[in-house]
Amino acid sequence: MADAVAAAEKGGGTIIHVDVMDGHFVPNITLGPPVVKSLRKATKLPLDCHLMIENPDDFVPAFAEAGADWISVHYEACTHLHRTLTHIADHNMQAGVVLNPATPVLLLRDILPMVHHVLIMSVNPGFGGQKFIPFSLDKIRELTQVREELGLDFHIEVDGGVDLETISSVVEAGADLLVAGNAVFGKGDAAANARKLLDAARRAVLPAA
């Protein structure tokens, strides 16, 4: 895994996105705080931990101790979202909130001043390699507009089906943090794949520059 991180960094990656799944909130189980702790030793890049889990409040201290820099939690998993975001900030991590594809942007309006980033899921969470859901672009555009209306500067992150076919549309819609897994590590050289994605993303913003 350290080698994979090094390859992504060589290709221009600036953040390591860590998917955490519990087999309850999503139908899969992945890594937890011990692996994050090991990753922390392997890279100086920010560790962006995406908690696809029930009761995320219970695990915030463990991820903080393991070396996570950012923690994002699902709106759908948090009964008291304000409390959870405060809990993350109290542990000196950047707090983010995640929306599943079927969850509307408008539900976040009141909480947006608290967040460092909003993660728009462009696939249903739980598995890699899924196809990008087209209406996710409308959600990114809406969130971009709300951010401007409120005068805020949170990041807009997108996760799911981001590849060479979709990346330009995602950037043009307003996203500034792009998560790519299968497109980087699925086939071929990971560093070269990451570089191609980054180059495509930069070309997408050139007309507006």
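Here is a short tour of helix packing and side-chain pairings in this predicted model.

## Where α1 meets α8

On the α1 side, the residues in contact are Ala-7, Ala-8 and Lys-10. Helix α8 meets them with Ala-190, Ala-191, Ala-194 and Arg-195. Sorted by class, this contact has five nonpolar residues and two charged ones, with no polar residues.

## Salt bridges

The structure has four salt bridges. One of them joins the side chains of Arg-40 and Asp-69, with 2.6 Å from N to O. Arg-40 belongs to helix α2 (residues 33-42), while Asp-69 lies in the loop between α3 (60-66) and β3 (70-74), so this pair ties together parts that are 29 residues apart in sequence.

## Aromatic rings

What does a search of the whole structure find in the way of aromatic pairs? The count is zero. A ring does take part in another kind of pairing, though: the charged end of Arg-147 sits over the ring of Phe-154, 5.8 Å from the ring's centre.

Notes:
Residues are numbered from 1 along each chain as its sequence is written. This is a predicted model: local features need pLDDT of at least 70, side-chain atom pairs count only at pLDDT 80 or more; totals for chains, interfaces and linings use all residues. Side-chain values use heavy atoms; hydrogens and water are left out. Contact means heavy atoms within 4.5 Å. Helices (H or I, at least four residues) and strands (E, at least two) are DSSP runs, numbered from the N terminus. Ala, Val, Leu, Ile, Met, Phe, Trp, Tyr, Cys and Pro count as nonpolar, Asp, Glu, Lys and Arg as charged, and the others, Gly among them, as polar. Rings of Phe, Tyr and Trp (its six-membered ring) pair if their centres lie within 6.5 Å; planes under 30 degrees apart count as stacked, over 60 as edge-to-face and the rest as tilted. A charge sits over a ring if NZ of Lys or CZ of Arg is within 6 Å of the ring centre and within 35 degrees of the ring normal.
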